[in-house]
Amino acid sequence: MADKKIIAVTGATGAQGGGLARAILNDPNSEFTVRAFTRNRSSEKALELEKLGAEIFEVNIDDPENLKKGLDGCYGAYFVTFFWEHFSPEKELKEAETMANAAKKTGLKHVIWSTLEDTRNWIPLNDDRMPTLMDKYKVPHFDAKGESNKFFTEAGVPTTFLLTSFYWENFIYFGMGPKKGKDGKLGITLPIGNKKLCSMASEDIGKCAYGIFKNSNEYIGKTVGICGEQLTGAEMASEMSDVFGEEIIYNEVTPEAYRQFGFPGADDLGNMFQFNRDFEQVCCESRNIDFSKKLNPELKSFKSWLVEHKKQIPLDQ
Ligand SMILES: NC(=O)c1ccc[n+]([C@@H]2O[C@H](COP(=O)([O-])OP(=O)(O)OC[C@H]3O[C@@H](n4cnc5c(N)ncnc54)[C@H](OP(=O)(O)O)[C@@H]3O)[C@@H](O)[C@H]2O)c1
């Protein structure tokens, strides 16, 4: 244990960070060990990680001094911000800047920054194909992460920029599961036309990140994109139909309609899906399934993930 290199993991009790923490802790031959960041060391998820062998470190990522303490003595860090906790791109920008500065000051050897596209590079603010949100963004939770890449580059932090993908868990926790339409048919509703969406099991993001840390020299300074599958809405619905044994249709709506759904963040997600639809090639070419499998040989297909999580997916709720 003493000679193992420490990886500090933000969001260790969550989806991405949890996947990475478990990947390292479940590998008895790992050269790494985990310092799991959490705001609450006595939560069930923190205790589970502790049981697996993680060192638990209480930190709020908005506290720069404590964050720096948490990074002291570490080899590397996995950094992710949590847009859906606060819906503030400005907060994400500030947090990423704090992370980059703390990584520089503590001399980390390898950081993975969980990022997404700054969509304004493809749809500038004056392009009215989609509305500008919060005055400065097209897809706030993407743009702030993409814009934040600069903090790591400018600070000279040895960083891998990890482009993640749409989680299949959104069908469980994000209200995107199949619902009955007016015709009584179960369907998943997405505004992506007939275009492919890059998607994956969130646990696989962490497993891929582990593959990146294991080959630091190869990936420092690079942007890499991961996904488990690239599927159209119709293909996802068809796989769901197979697994549930009942028909689930793809209910295509326009991004305009999706933006009006009224739940918090519907406009951001409507723009996100429109970006995926209108720039399918950009999104799909930067995320590669074979590469993701190379990083993580256990990479799941949508079908295998569905079979495993079928009971958790709410039908018509
Ligand atoms: N949903 C998708 O399809 C998707 C796809 C790609 C990227 N993303 C991005 O993923 C990010 C979220 O990552 P995730 O899904 O892994 O998160 P998650 O599962 O929601 O978990 C986040 C964890 O982070 C911790 N946390 C939250 N605020 C914190 C703070 N201020 N300081 C320290 N820890 C804090 C919480 O831990 P404690 O409660 O233990 O402190 C929580 O368990 C979002 O920014 C989102 O845009 C989502």
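Asn271 is buried, because its relative accessibility is 0%, and buried here means under 20%. Keep in mind that this is a predicted model. Asn271 sits in helix α12, which covers residues 266-278. Leaving out residues up to four places away in sequence, Asn271 touches Met130, Pro131, Leu133, Lys138, Val139 and Arg259.

Now the nonpolar cores. The largest one has 33 residues. Ile7, Leu20, Val34, Leu49, Tyr78, Leu162 and Ile226 have the most contacts inside it. Elements that each give at least two residues to this core include strands β1 and β2 and helices α1, α2 and α8. Helix α8 supplies the largest share, six residues. Take Ile7 as an example: beyond its neighbours within four places in sequence, its contacts include Leu20, Ile24, Val34, Tyr78 and Phe213. Another core lies apart from this one, with 31 residues, among them Val139, Met236, Tyr258 and Phe302. Val139 is also one of the residues that Asn271 touches.

Next, the ligand. There are 25 residues around it, and Thr13, Thr38, Arg39, Thr81 and Tyr167 come nearest. How is that shell divided by class? It has nine nonpolar, eleven polar and five charged residues. Helix α4, residues 83-86, gives the largest share of the shell, three residues.

A side-chain N or O atom of Thr13 is 2.6 Å from a ligand oxygen. For Ala15, a backbone N or O atom lies 2.8 Å from an oxygen of the ligand. With Ile61, a polar backbone atom is 2.9 Å from a ligand nitrogen. Taken alone, the ligand exposes 930 Å², and the protein buries 83% of that.

Methods. Residues numbered from 1 in each chain as written. Predicted model: local features only at pLDDT ≥ 70, side-chain atom pairs only at ≥ 80, totals over all residues. Heavy atoms only, no water. Helix = DSSP H or I, 4+ residues; strand = E, 2+ residues; numbered from the N terminus. Buried < 20%, exposed > 50% of the residue type's maximum accessible area, 1.4 Å probe, protein only. Contact = heavy atoms within 4.5 Å. Core = buried A, V, L, I, M, F, W, Y, C linked by side-chain atoms within 4.5 Å. Near = heavy atom within 4 Å. Polar contact = N/O pair within 3.5 Å; in protein donor to acceptor, adjacent residues only side chain to side chain. Areas by Shrake-Rupley, 256 points an atom, 1.4 Å probe, with all protein chains shown as cover. Nonpolar A, V, L, I, M, F, W, Y, C, P; charged D, E, K, R; others polar.
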